[in-house]
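Hello,

Here is the structure I promised to pass on to you. Have it open while you read, and follow along with my notes below.

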Amino acid sequence: MATPVPCADSDLTSAQIAQSDAKGTLNSAINFLNGNDANSTQLVLRWFGRNDQATVATVVSVLSRTSGWVANVSLYCLYNNDGSLTEPITAPDGSIVLTDSAGDTYAYVLPGDLTKINLGLAFFNAPATGTNSKLGAIIHEVTHFFLTGNTDDIRYGKNQCLQLAQQEPDSALKNADSYEYFIEEWLAQ
């Protein structure tokens, strides 16, 4: 994996906008959930498999802690801010193969480092909002921190997350993509 560098120039600006939008969106979603109307409970049921008071409270708690932390992380890029990173990989025969380790990556965080999000080229190619967006990726990653949601990557993808909610609601509450899709769908309403 590439050594991340601090994002700069237009990449930094783009990522900071997503970071700021994530904080505002999270706060609005929390207010929506605290309204406890039919729309909010239906959306919680869809993405987390239950909509009882304890489930809604858990979702609100994760979103609240995520909102409180999202502005505290630094934004790092998995390339030298020009999109051209390739890394030498030694093949079994000793030859050097160049691979683009940043191209298919949206983002990731390291469990022991609560200070940064590492962003790949897929993040910068994503839409600002909507499914698999910059805003959603930021929220997804910040829920991983033990101070926010301590989520895992149990399932990826919209259909897999919906299935997880139906089959394993407790796991859905610990799945980062479930929070991302919940927020992205709420925002699209």
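Let's start with Glu185, which touches Leu43, Arg46, Trp47 and Lys158, leaving out residues up to four places away in sequence. Please keep in mind that this is a predicted model. Glu185 sits in helix α8, and its side chain is joined to that of Trp47 by a polar contact of 3.2 Å.

How do α2 and α8 meet? Helix α2 covers residues 38-48 and helix α8 residues 176-188; their axes come within 10 Å and cross at roughly 145°. The crossing of α2 past α8 is right-handed. On the α2 side, the contact is made by Leu43, Val44, Arg46, Trp47 and Phe48. From α8 come Ser178, Tyr179, Tyr181, Phe182, Glu185 and Trp186. Sorted by type, the residues of this contact are 8 nonpolar, 1 polar and 2 charged.

Now take a closer look at α2 itself. Which of its residues are buried? They are Ser40, Thr41, Leu43, Val44, Trp47 and Phe48. These residues lie on the same side of α2 because they cover an arc of only 160° around the axis. Ala38 and Asn39, on the other side of α2, are exposed. If you want to see what the buried residues of α2 pack against, look for α1 (9-34), α3 (53-69), α6 (158-167), α7 (169-172) and α8.

Just after α2 comes Gly49, which takes a positive phi of about 80°.

Finally, please turn to a strand. Asn118 lies in β6, a strand made of residues 116-119. Is Asn118 buried or exposed? Its relative accessibility is 2%, and buried means under 20%, so Asn118 counts as buried. What is Asn118 in contact with, once neighbours within four places in sequence are left aside? The contacts are Pro4, Tyr76, Leu78, Tyr106, Ala107, Tyr108 and Val109.

Happy exploring, and do write back with any questions!

Best wishes

Key: Residues are numbered from 1 along each chain as its sequence is written. This is a predicted model: local features need pLDDT of at least 70, side-chain atom pairs count only at pLDDT 80 or more; totals for chains, interfaces and linings use all residues. Side-chain values use heavy atoms; hydrogens and water are left out. Axes are lines fitted to C-alpha atoms, for helices over the stretch in contact, and angles run from 0 to 180 degrees between N-to-C directions. Helices (H or I, at least four residues) and strands (E, at least two) are DSSP runs, numbered from the N terminus. A crossing is left-handed if the near helix is turned anticlockwise from the far one by less than a right angle, and right-handed if clockwise. Contact means heavy atoms within 4.5 Å. Ala, Val, Leu, Ile, Met, Phe, Trp, Tyr, Cys and Pro count as nonpolar, Asp, Glu, Lys and Arg as charged, and the others, Gly among them, as polar. Buried means under 20% relative accessible area, exposed over 50%, partly exposed in between (1.4 Å probe, protein chains only). The arc is that of the directions from the helix axis to the C-beta atoms. A polar contact is a pair of N or O atoms within 3.5 Å; within protein, one must be able to donate a hydrogen and the other to accept it, and residues adjacent in sequence count only if both atoms are side-chain atoms.
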